2 protein chains.
Amino acid sequence: MQRTVRRLKDAKMTHILRVQSAALKAIHDYMYESDVVQAMPVVLSPETDPLDHPHFDASVEYYGQRLHLTKSMIFHKQLALLNGGFDKIYFMSPNVRLEEGGLGGTGRHLFEFTQVDIELKEKSKEEFMAVVDGMIASVFAFVIRECEDDLRALGRELRVPELPLKVYESEELRARYGDGFESAASLKEKDPFWITNFKREFYDKEDSVRKGYYHNYDVFWPEGYGEALSGGEREFEYENIVRKMTERKTDMDSYRKYLEAARGGLIPRTVGGGLGIERMVRFLTGQEHVRDVALFPRVPGEHIEF
Amino acid sequence: MQRTVRRLKDAKMTHILRVQSAALKAIHDYMYESDVVQAMPVVLSPETDPLDHPHFDASVEYYGQRLHLTKSMIFHKQLALLNGGFDKIYFMSPNVRLEEGGLGGTGRHLFEFTQVDIELKEKSKEEFMAVVDGMIASVFAFVIRECEDDLRALGRELRVPELPLKVYESEELRARYGDGFESAASLKEKDPFWITNFKREFYDKEDSVRKGYYHNYDVFWPEGYGEALSGGEREFEYENIVRKMTERKTDMDSYRKYLEAARGGLIPRTVGGGLGIERMVRFLTGQEHVRDVALFPRVPGEHIEF
């Protein structure tokens, strides 16, 4: 337990937790003032995000049913917006992704982390971006105001980014930096920024005319801290969902209920994304590894002491 | 998916989510203003709460390690307070307790739910009670102010309870009502109230002189809604922990790291408790069953549709 105890007692952890508390408070305030309703997270469910990278199964059996730990609440977020009384929802959603050990060294992977996971109904990606821009600026402003002493103790200087945050097209950055464009751009920028158009999971919307163009995006932290948020406009039409699952060799049998809802025309037209809390706190506090901001870090491939 | 879709589309759910959002906002505001730092929940860990009632195992294997879904963050909360820079911490902690199907009918059990889980260092149970009293009153005041229309639509009248909330001894209530004293008192009372002294898990503090008297407590919602919060002063001395584990036939091999910390004198002297969010929202909105406030309810023994 020595490693755990040393981490817990570390004076740095006091400052980090204070910054985290302020950042979370700013997020909740912003959401409440923006009329985004908050729902409770789902931990176990019959169907969860397939993800587009290798990872191990994490599921349990209960009364004859196989229930998976949430990898992201994407499908639950979409369906939650079936309700006619609100068009914006968020979850503070712990995700478990039992990734391969190699990711432990990236500095930004935990196999268990929390997203502030947001979804908007009948809105465009530009509208979603404006909501997230506002949230990020509000977090920076609040943390800078409330945590002056903590930031000084951590040797961290922050500035509130000017809005709107810059938006880059992935093609434009790839042409400039090559395949490592995400890291290169993150290293070069001084404020958080967006990159649009990534090929990934089936549920991110592909342009109906220009195949291979995706109406999705990531936010990146600057100074090399990398990915902050992932999201997109969503597929909601049954034929598109089935086509894209087929292209990606997604096991459709694992998504029977979701596909049943889609076939019935029950997936609302939505746009959204999830921002990782621990990665945000890592950036705000200027830590080397995302493990450094967690009281009980779960790093891919590492033995968990407690 | 018909049941899920009907639930999600229900106009009542709009009002319930608005009340929930206001209640959560009030909790976070109160905690922030009270200098209670917020840390991120743990979902999987090698050691978790043994619980004192029957339930099924919920664990996964990852890189050769058996990791259990959090039943409560009791041990992590205690250890988190090893940090010298703060003496109050809370988590919005999703708990998974794969309970027996019979509990599905109580109206207040979900096998997956979220607690606002609080722990204070070097404080008495009276001090903890004052913090919780303040939190509850603040939630009521905020919800009544912000959700007037929602409460009217739900046909629900609430009043801000006078503080301090009433405190009963379990012995006094048992003498008055018999073994069903919790339900009887919950039915009779008009405001939330405390009951102290329950025999349960090893980690709740037993009086050092009067054996069989426990410095723990529950908060109950009135009008028959039942249990709201459970907590207590905690055992922190190795000998007491081992004695009480032995008395309860707790499998010590499952708590090796915790016992190692205790043997090293590393468990701080703390007091705390966890308040169930879904049960709170059920009471605030006057719903029959806790399932009625969840978008995707997980009721013990029931088939999970989505």
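**Notes on the sheet strands, chains A and B**

1. Strand β10 (residues 193-196) of chain A pairs with β11(A) in the antiparallel sense, over four bridges. Strands here are DSSP E runs of at least two residues, helices are H or I runs of at least four, both numbered from the N terminus, and two strands pair if DSSP finds at least two bridges between them. Within this pair, F193(A) sits opposite F220(A) of β11(A).

2. Housekeeping: this is a predicted model, where local features need pLDDT of at least 70 and side-chain atom pairs count only at pLDDT 80 or more, while totals for chains, interfaces and linings use all residues. Residues are numbered from 1 along each chain as its sequence is written, chains are lettered from A and ligands numbered from 1 in the order written, and side-chain values use heavy atoms, with hydrogens and water left out.

3. β11(A) covers residues 216-221, and six of its six residues are buried (under 20% relative accessible area; 1.4 Å probe, protein chains only). N216(A), D218(A) and F220(A) point one way, with Y217(A), V219(A) and W221(A) pointing the other.

4. W221(A) has G226(A) as its bridge partner. Four residues lie between the strands, and E223(A) takes a positive phi near 60°.

5. In chain B, eight strands make an open, mixed sheet ordered β1-β6-β8-β13-β12-β11-β10-β9. β1 (37-38) and β9 (166-169) of chain B each have a single partner strand, so one side of each lacks a neighbour in the sheet. β9(B) pairs with β10(B) in the parallel sense over four bridges, and K166(B) stands opposite F193(B).

Conventions
Buried means under 20% relative accessible area, exposed over 50%, partly exposed in between (1.4 Å probe, protein chains only).
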